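Trainee: Please walk me through how to read a model of this kind, taking one feature at a time and giving the general idea before the particular case.

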Protein chains: 2
Amino acid sequence: MQAFENYLKHHTPITGEQFTVLKQELKEKNYPKGRILLHEGESTNVSYFVCKGLLRAYTLDNQGKEHTIQFAPENWWLGDRNSFYFKEPAAFNIDVLEDSEVVIVSKNFLDSAMELCPDFGKYNVYLLHNSIRYMQRRINQLLAASAEERYLDFIRLYPKLTLRISQIMIASYLGITPESLSRVRKELARRNSYL
Amino acid sequence: MQAFENYLKHHTPITGEQFTVLKQELKEKNYPKGRILLHEGESTNVSYFVCKGLLRAYTLDNQGKEHTIQFAPENWWLGDRNSFYFKEPAAFNIDVLEDSEVVIVSKNFLDSAMELCPDFGKYNVYLLHNSIRYMQRRINQLLAASAEERYLDFIRLYPKLTLRISQIMIASYLGITPESLSRVRKELARRNSYL
DNA sequence: AATATTTCTTACCATAGGTCAATTTCTATC
DNA sequence: GATAGAAATTGACCTATGGTAAGAAATATT
């Protein structure tokens, strides 16, 4: 919870007193690795803020294969904004990749925060833009880049994550099979051994 | 311009008087097919609203191939939000696929509109969420679906656009070559002839 | 520490989609 | 309506990535 308070104070002009009031709308939870927090098709009106650990958003295709939409390590948000905002059923699943401490943020919290602290809304708009930027980049990459290029981009962007996440997960994020990722890595290792 | 006024009145509580004032911040332009409105790397502080015609956002990879990020027909917005919001160089190009009438919306317009009409900001947030929903769907599809499935999804989602856009463009949106799209279509036609 | 489970690697073959080039069809313009 | 250019199709071949299966390595569980 402290992590969340720090995060908010750092990114918004919220005060300690305001936070103490708003805190009532928050829940703090620990989840073990493997736990599923949201199932595709359910509707949800909460978002998760990760204080410690690692969450993941993913979909299942009709062959039962997982496709990772996003990872959320410490100090990231994860939630289905569609379900949250449009009151539609969730478009993806959320599961826990490492034992995690999360803060569950309800719509009430956001509404109250905006009322108490008008600039809170601005930060929210910032987050939306950020999310769009990130997704645009990803779409472009999926359209334009080879498996190897995508992997290199991934480890460049998320070097720390790369070490925490299994290759199965990384492959499902890159849109390739774990076997292909293994081959890509082998090839990169071979080429680097000449440098 | 009338199309834009109608659009705003339909989606926001803006009044005729307010619009008359705000209008000063807008420019109306006609562009011929083929014109390029924004180059990757430039920075921009305008967005386009399409009254008539068709615009497109696309990137170029290092082999000079085009990858279509988005189409914008009548009553759609198109602009590089990153460049606009983060003051970064544009991540994509915008060109004109059909002779078009567009309204050029500056940052000033948006700022003034939000001041004059507070709910204008809410609509903006709605648009951001919509954009996120659309991109999430696309990412998932690029990760999970075959060329054929992506094409079927495209014609289901944008039946009218399908008839206006060349297959070259559709292919570059789907992330395949025009040749592959042609084969997908042939195969679909073959299968449908048995129904 | 021993065992079970999962992850990663590797080898071999299969396939979707890419590349290139030729041909046909469409469309725009004179 | 003739011609030029662009778009679409097709065929032959190629390549990146997928599928399968087996073993090796790492990790978790008892």
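**Reading the model**

Mentor: A:Lys122 is partly exposed, because 14 other C-beta atoms lie within 10 Å of its own; a residue counts as buried with 20 or more such atoms within 10 Å, as exposed with 12 or fewer, and as partly exposed in between, with C-beta atoms placed from the backbone. This is a predicted model, in which local features need pLDDT of at least 70, side-chain atom pairs count only at pLDDT 80 or more, and totals for chains, interfaces and linings use all residues. Residues are numbered from 1 along each chain as its sequence is written, while chains are lettered from A and ligands numbered from 1 in the order in which they are written.

Trainee: Where is the place of A:Lys122 in chain A?

Mentor: A:Lys122 belongs to helix H5 of chain A, where helices (H or I, at least four residues) and strands (E, at least two) are DSSP runs numbered from the N terminus. A:Lys122 and A:Thr12 are 110 residues apart in sequence, yet their C-alpha atoms are 8.6 Å apart in space.

Trainee: How many helices and strands does chain A have?

Mentor: Chain A has nine helices and six strands, and its C-alpha atoms fill a box of roughly 60 × 40 × 30 Å along the principal axes. Of the 195 residues in chain A, 30% are buried.

Trainee: How many residues of chain A are in contact with chain B?

Mentor: On each side the number is 23, chain A meeting chain B through 23 residues of either chain. Strand E4 (66-72), helix H3 (81-86) and helix H5 (119-144) of chain A each supply at least two residues of the side that touches chain B, and H5(A) gives the most, with 14 residues. That side divides into eleven nonpolar, eight polar and four charged residues; here Ala, Val, Leu, Ile, Met, Phe, Trp, Tyr, Cys and Pro count as nonpolar, Asp, Glu, Lys and Arg as charged, and the others, Gly among them, as polar.

Trainee: Which rotation superposes chain A on chain B?

Mentor: In general, two copies of a chain are related by a rotation about an axis and a shift along it. Here a rotation of 180° with 0.0 Å of shift along its axis superposes chain A on chain B with an RMSD of 0.0 Å, fitted by least squares on the C-alpha atoms of residues with pLDDT of at least 70 in both copies. That is the relation of a two-fold axis.

Trainee: Which residues come nearest to DNA strand D?

Mentor: A residue is near a strand if its C-beta atom lies within 6 Å of it. Of the 16 residues around DNA strand D, A:Ala147, A:Ile176, A:Ser180, B:Gln167 and B:Ser182 come nearest. H9(B) supplies the largest share of that surface, six residues, and by class the surface near DNA strand D has four nonpolar, six polar and six charged residues. Around DNA strand C there are 16 residues, of which A:Gln167, A:Ser182, B:Ala147, B:Ile176 and B:Ser180 come nearest, and there H9(A) gives the most, with six residues.

Trainee: At what angle do the axes of H6(A) and H9(A) cross?

Mentor: Axes are lines fitted to C-alpha atoms, for helices over the stretch in contact, and angles run from 0 to 180 degrees between N-to-C directions. The axes of H6(A) and H9(A) come within 10 Å and cross at roughly 80°, and the two helices are therefore roughly perpendicular (65 to 115 degrees; under 35 is roughly parallel, over 145 roughly antiparallel, the rest oblique). In this pair, A:Ala147, A:Glu148 and A:Tyr151 of H6(A) meet A:Ser180, A:Leu181 and A:Val184 of H9(A). H8(A) and H9(A) pack at about 100° with their axes 8 Å apart, which makes H8(A) roughly perpendicular to H9(A).

Trainee: What is the phi of A:Asn75?

Mentor: Most residues other than glycine have a negative phi. A:Asn75 has a positive phi near 65° and lies in the loop between E4 and strand E5 (77-78) of chain A. B:Lys87, also not a glycine, has a positive phi of about 55°, and B:Lys87 is exposed, with 11 other C-beta atoms within 10 Å.

Key: Contact = placed C-beta atoms within 7 Å.
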